[in-house]
Amino acid sequence: MIKTTKLILTNLINQKNYYLRHLFPEVENLTPSLRFKGYSNKWMFKKISFIYKDTEIIGGGTPSTRVREYYDNGQVNWFNVVDLKQKYVYSTINKITELGVQKSAAKIFPKNSVVLGCSATIGDCCISKSKSSCKQGLFAFIPNDKIYHEYLYYVFVINKLSLKKLASGAGSTFPNINKSMLKEFEIPIPPTLEEQQAIANFLSKIDDAIEREILRIMSTQKQYYLNNMFPKSNQNIPMIRFRGFSDEWKNVSLSHITNYTQPSIHYYQASKSTSLKNENNGNLVPVYTAGKTYLMGYIEKQTNLKTFNRVPCILFDDFTTEAKIISVPFYTSSSASKIITLTKEYEFLPYEILLNLISSLNIEKISHGRHWISQYQNSDVKLPINIDEIKLIGKTLERINH
């Protein structure tokens with residue numbers, strides 16, 4: 001299955017590279033070699049300053065790392081170079097607080113801004129799918145009516161080498177592109193916005209297909225590791241191990257690993273409200289359930305409720321035993337749930353591994369039962385004696401996720 005998927009993936013990537021070469025014109029030729037029906041007028045090469053006002057190109061900044069209030073429980077996306085690895089980014093690896101934005105050079109830019117790396121990873125780019133900020137060395141291009149943001153993304157993709165050459169010619173010890181240089185950079189522009197959209201939509205369909213195949217491969221790989229990097233129920237040694245580890249794993253009660261919180265002061269009756277929003281404007285609180293729906297929507301902060309802030313955590317449905325990891329402060333719409341967090345002794349344990357340990361327990365469901373306290377909490381799970389082994393497993397799963 002993986003061989004077939006990899007072959008499909010290779011063909012899709014080759015297709016994409018072919019169309020990237022032929023759907024855009026060379027500098028010396030104002031007509032691309034491939035064109036959609038209905039478009040015939042010549043293209044133009046325009047400086048970015050012709051397309052974007054100075055205020056529509058947003059630079060970044062870093063709040064002082066000495067002030068924890070700028071980072072702790074931050075909910076503002078804060079782009080770094082590590083986030084520029086995929087086309088769409090909904091949530092960045094690191095976040096800062098609103099206070100961190102106010103007290104630094106970081107600025108907020110809107111959804112659908114194109115974020116471009118201009119320092120450490122020159123030419124890498126993505127599209128931010130929510131209100132965000134960024135670190136220095138990155139620039140965000142705010143959407144406007146002169147250029148389709150998805151088209152701009154692909155323009156930066158095809159010009160990655162040119163952007164690197166521009167940075168190398170700046171005369172700095174460390175190659176980088178500043179705002180003035182960016183504004184002078186010329187990019188190909190079709191005569192109509194409709195042609196921009198046609199090109200971007202066509203390439204997006206190929207990217208969507210590529211992403212599906214990558215996810216299929218990574219999901220299979222991840223499941224393989226989850227099945228084999230942990231001992232089977234009747235064994236004490238996993239099938240796959242890192243070098244240097246040979247001890248048998250030990251049984252540990254979940255009551256030693258975890259604490260649980262009742263949802264009472266974090267419970268929002270989402271089913272009785274029509275005020276839940278489908279999209280977060282940056283100031284709303286998500287409402288989660290542990291069931292299949294998972295994210296119910298977003299709501300204004302409630303004066304009579306407290307957001308649950310000790311994240312990440314696991315939201316466990318006491319009736320169905322479904323469980324989900326949640327990584328942002330939230331309300332829950334399920335009164336029949338437990339919020340599971342790690343004890344201080346086991347806070348090194350990645351939550352994805354904790355979720356796998358919980359999910360792997362072979363516990364029979366009781367009709368209308370409250371399962372966590374009665375069955376899960378005192379069940380044993382297997383963990384290695386050396387905590388370095390579990391940390392390596394966690395890093396492996398994290399790399400697959402990213």
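Biologist: What should I know before I start?

Modeller: The model is predicted, so local features need pLDDT of at least 70 and side-chain atom pairs count only at pLDDT 80 or more, while totals for chains, interfaces and linings use all residues. Residues are numbered from 1 along each chain as its sequence is written, and side-chain values use heavy atoms, with hydrogens and water left out.

Biologist: Which strands pair with strand 3, and in which sense?

Modeller: Strands are DSSP runs of E, at least two residues, and helices are runs of H or I, at least four, numbered from the N terminus. Two strands pair if DSSP finds at least two bridges between them. Here strand 3 runs antiparallel to strand 5 (residues 95–96) over two bridges, with Val76 opposite Ile96. With strand 8 (residues 132–134) the sense is parallel, over three bridges, and Phe79 faces Cys134.

Biologist: Are the faces of strand 3 buried or exposed?

Modeller: Buried means under 20% relative accessible area, exposed over 50%, partly exposed in between (1.4 Å probe, protein chains only). Val76 and Trp78 on one side, and Asn77 and Phe79 on the other, are all buried.

Biologist: How many aromatic pairs are there?

Modeller: Rings of Phe, Tyr and Trp (its six-membered ring) pair with centres within 6.5 Å; planes under 30 degrees apart are stacked, over 60 edge-to-face, the rest tilted. The structure holds 20 such pairs. Among them, Phe24 and Tyr151 are tilted, 5.7 Å centre to centre with 35° between the planes. They sit 127 residues apart, Phe24 in the loop between helix 1 and strand 1, Tyr151 in helix 4. Phe24 counts as buried because its relative accessibility is 4%.
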